[in-house]
Amino acid sequence: MTERDRPGLVEVALDPAVADLDRTLHYRLSPGLKVVPGQRVLVPLGSRRLEGLVVGLAGPEQAPVGIQLKDVLSVLDPEPLLGPGLLDLAAWLAERFGATRAEAAWVMLPPGLRQGVGPKLQQRWELAVPDAEAQAALGLLERRARRQAEVLHLLLDAGEPVPAGESGAALRALAERGLVRSVQVEARRDPAGRRAYTPTQPQPPTEEQARALAEIRRRLDLPQPGPLLVHGVTGSGKTEIYLQAIADVLERGRQAIVLVPEIALTPQMIERFRSRFGEEVAVLHSRLSDGERFDQWRAIKSGRVSIVVGARSAVFAPFSDLGLIVVDEEHETSYKQQESPRYHARTVAMQRARQAGALLLLGSATPALETYHAAREGAMGLVTLTQRIDDRPLPPVELVDLRQELAEGNRSIFSRALQKHLTEVLQRREQAILFLNRRGYSTFVLCRSCGLTIKCPNCDVSLTYHAGATHLTCHYCGHRSAPPRRCPDCGSEKIRFFGAGTEKVQAELETLFPDVRALRLDVDTTRRKGSHEQILGDFAAGKAQVLVGTQMVAKGLDFPGVTLVGVVAADTALNFPDFRAAERTFQLLTQVAGRSGRGRAPGRVVVQTYNPGHYAVQAAASHDYQGFFDQEMAIRREVGYPPLSRLVNLLASGPDEQAVEALARQAGLALAQFFAPESIWGPNPAPLSKLKSNYRWQVAVRGQEAQALRQGVRQALQLLPRRSSTEARLTVDVDPVSML
Ligand code: ADP
Ligand code: ZN
Ligand code: ZN
C-alpha cells in the first residue's frame, strides 16, 4: 500500500440529539469515499450507526496512537451543508458559549434533516426532442390526435417543464412517441409565496434617517464596517432605514440577514420586506413546518434569494457573501437560546459580520445596557433618531397610582383615568390597546383561612385559573387540575381567586362597554396556525376597537388607528429577583407606549402602577432613555453587575433534590479554586426552584475579562468528577439573560 492509498481521517461531530459527547471523534475514510467538511456521514458507535457531521479532515499521521479507528460507512450528502465560514463560526460558538462542537455545528442545520425531510419533488413534463422536431410532429398530430397536438403546442410555448394538469393521457401518449418526457422538479413550500404584495418604493428619508443612511453607506465601503447601533425612538423610521440599507447591499451583489424577535415576526412585518423586495426574501421562523423551513434554507443556500427575515437561528442562514446583518429590537431576551447551545444571536451576529466583512446594524428604542455601554465606550458606532416620522409627538404618559385608586374605593381593574380615556377613544371610533403581561383569568388561587396558594405539583409556581376552560393550569409544564372547592391543607371553603390576567381584562372590559368588540392576543388565543395573523388582521381592518394582550401586543405593531395604550399593571416584572428587572420593565413600558399615536391622530398612554415613583416607571413615562441608562448604570457599577462585568451561570437541575444541591455545591467549591469569593454568587436554589419536576440550584461567577472568565470556568468544570447523571446535571450559561 502506498502512502497515497492509505485511508485519510475525518473528524466527526456526532448528532448531539442521539449521542451527547463532549468531543469530536475520528474515523477512517476508505480510498473509495470522498468527503469534505460540512457533509454528513454515517458512522458506527458501539453497536449503533449514527449520523455525524464532518468538521475536519486529517492525514493518517494524525491518527491517535494505539486506537483502532473505525471506518466511515457512507457519505449522506451530495454536497456540504455548511461551508467553511459556518464551520469556523461553529468552532467559535462552541468556545464562546461553552457548548460542544457538535451542538454548535448541528444548531446551524435546518431542523427536520434528521427526520429525513428533503426537497419536495413534483412531476412535470418537458419536450424530449429539439423544438424543430416537435414542430414537425405537430403537422401529423393535428390530423390524427388533436388533443396531443394541443398539448405539444403548449409545451413548445411554455419553454419550461409544466405540470400535467388535465392532460395526463395526452402526455403519456406523447411520451410513447418519444416526443416528451417527465422530469422531477423541486417544488417550493413557500409559506407566504402565494400572497400578493403591493410593491412599495423607498420613502424619501427624513433628515435623521438621511444622516443614519450616510453613515451606513460610508461603512459599507469599508473592508470591516463594524457594528453600528441605531438608537431611535418608536416610530422614528428604523425599519425604513433597514430597507434602504438592504437595497444598497443588494446593489453591491451581496446578501442580508434581518433578525427579528419571534414574537414580532408578524405577517405585517414580513409584508414590509416582501413588498419592497418581493421574491428576494426568504422567511425563517419556528411556526413554519420542517418542510417549509427546509425549502427556505435551500433557497438561501442556492442563491435564489438574497434576503432572510427570521428569528434567532436565521443568523446561521447559509449565505456565501453576506454584506449586512440587522438585529432589530436588539435588546430582546428571545435572542438568547435557552437550551444548549446557549448562544446569543446578537453576539453571534457580531462575530459572523466580522468574519464576512459585513455591516452589523443593531436597532432599538431601548438598547440593552450592554449595547449602549459599548457604544458609549466607542466599541461600536452610534446613530440616534430622536423624532417620530412627520414630527408626530411621542404620546404623553399618565401614571395612575393603583394604591390610591384602591384607597378611594375603586376595586375595578380599570382606574377612573383609564375608564375616562377609554370612553373618549371609543366614542371617537378610534382604537385602543390594553396590555397586561399575564394570561389567564386569575393568576393565583388562595385559601383565605390559612394563606395557602395552590401550586403546581411539578413546579414551584402557582397555578393560573383559565375561565374559558374552567381549570387551573401551570404555565411552565402544562399541568391541569380542577379548581378546588376546599383548601387541600386546612379544608376551609374560603377559596378565592386573585391577580387579573388578560382573560379577566377582556371580560371586565366587555362588562363596562357592552357594545364594544375586543380581541385578545396571547398564547391561549394563538395556538391554532394562522390565528395570530387572523387577530391582527381583524384589528387592522377595524373589526374590533380594542386589542387586549400580553407582550405580544407590545412589540413592533404599527396600527395608525391606535390612540390609546393602557398598561393595566406596570409592575408584573418589577419585583422579579433578577438584576435586570428594572431594565426589562423600562423596555417593555417604552415599547408598548410606542404603539400609541403612530397615525395622524395624537396618542396617549395610561400606565397603572403600584410603584409610580420607581425610576424605571418614571423614565418610561417621560421617554427618557438617557435618564434611565444613567441611573441603572450607577446601580450596576455599585454591585459590579453587567455590563461592568461578565457573568457565567452554572445551573444544576434534575429530579433528585439532594443530588442537585450537591452538584451545585461541588461546582461552587471548584469555582472557588479559581475565583475570589466576592466574584461567586451562590450556590443557591434558583428563584424558580423547581420546574417540570426538576429541582434547580445555581451558582454564578463574574469576571472583568470575558476570556479569562471562561477559561477559569472551564478549568473549574474539569475538577468535577461528573457533570451529568440521571439525578442531576450541570449546564453552563455564558452571558445569561435571565437569572430565574
Ligand atoms: P420604527 O421601526 O422606528 O418603529 P417604522 O420604520 O415602523 O419605525 O416607521 C414608522 C412609520 O413611518 C411606518 O408606517 C413607516 O412606513 C413610516 N415611515 C418611515 N420612514 C418614513 C419616511 N421617510 N417618510 C414617510 N414615512 C415613513
Ligand atoms: Zn387553607
Ligand atoms: Zn408545572
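Two strands pair, in what follows, if DSSP finds at least two bridges between them, and the strands themselves are DSSP runs (E, at least two residues), as the helices are (H or I, at least four residues), numbered from the N terminus. The model is predicted, with local features needing pLDDT of at least 70 and side-chain atom pairs counting only at pLDDT 80 or more, whereas totals for chains, interfaces and linings use all residues. Residues are numbered from 1 along each chain as its sequence is written, chains are lettered from A and ligands numbered from 1 in the order in which they are written, and side-chain values use heavy atoms, with hydrogens and water left out.

**The sheet**

Select residues 431-435, which form strand β16, together with residues 562-567, which form β24: the two run parallel and are joined by five bridges. Within this pair, Ala432 has Leu564 of β24 as its bridge partner. Extending the selection shows an open sheet of six strands with parallel pairing, in the order β15-β25-β24-β16-β23-β22. Its edges are β15 (397-401) and β22 (518-521), each of which pairs on one side only.

**The helices on the sheet**

Next select residues 416-427, helix α13, which lies across β15, β16, β23 (546-549), β24 and β25 (604-609) and runs at about 160° to β24. Such angles run from 0 to 180 degrees between N-to-C directions, the axes being lines fitted to C-alpha atoms, for helices over the stretch in contact, where contact means heavy atoms within 4.5 Å. Helix α14 (residues 502-512) also packs on the sheet, where it touches β16, β22 and β23 and makes about 175° with the direction of β22.

**The zinc sites**

Now select ligand 2, a zinc ion coordinated by the SG atoms of Cys447, Cys450, Cys487 and Cys490 at 2.2 to 2.4 Å. Donors here are N, O and S atoms within 2.8 Å of the metal (3.2 Å for Na, K and Ca), and water is not among the atoms, so sites may look incomplete. The angles of 106 to 113° make this arrangement tetrahedral, a label given to four donors if all angles lie between 85 and 135 degrees.

Finally, select ligand 3, a zinc ion held by the SG atoms of Cys456, Cys459, Cys474 and Cys477. Cys456 lies in the loop between β17 (442-447) and β18 (464-466) and Cys477 in the loop between β19 (471-473) and β20 (480-481), so the pair ties together parts that are 21 residues apart in sequence.

Conventions. Four donors count as tetrahedral if all angles lie between 85 and 135 degrees; four count as square planar and six as octahedral if opposite donors are over 155 degrees apart and all others between 65 and 115; anything else is irregular.
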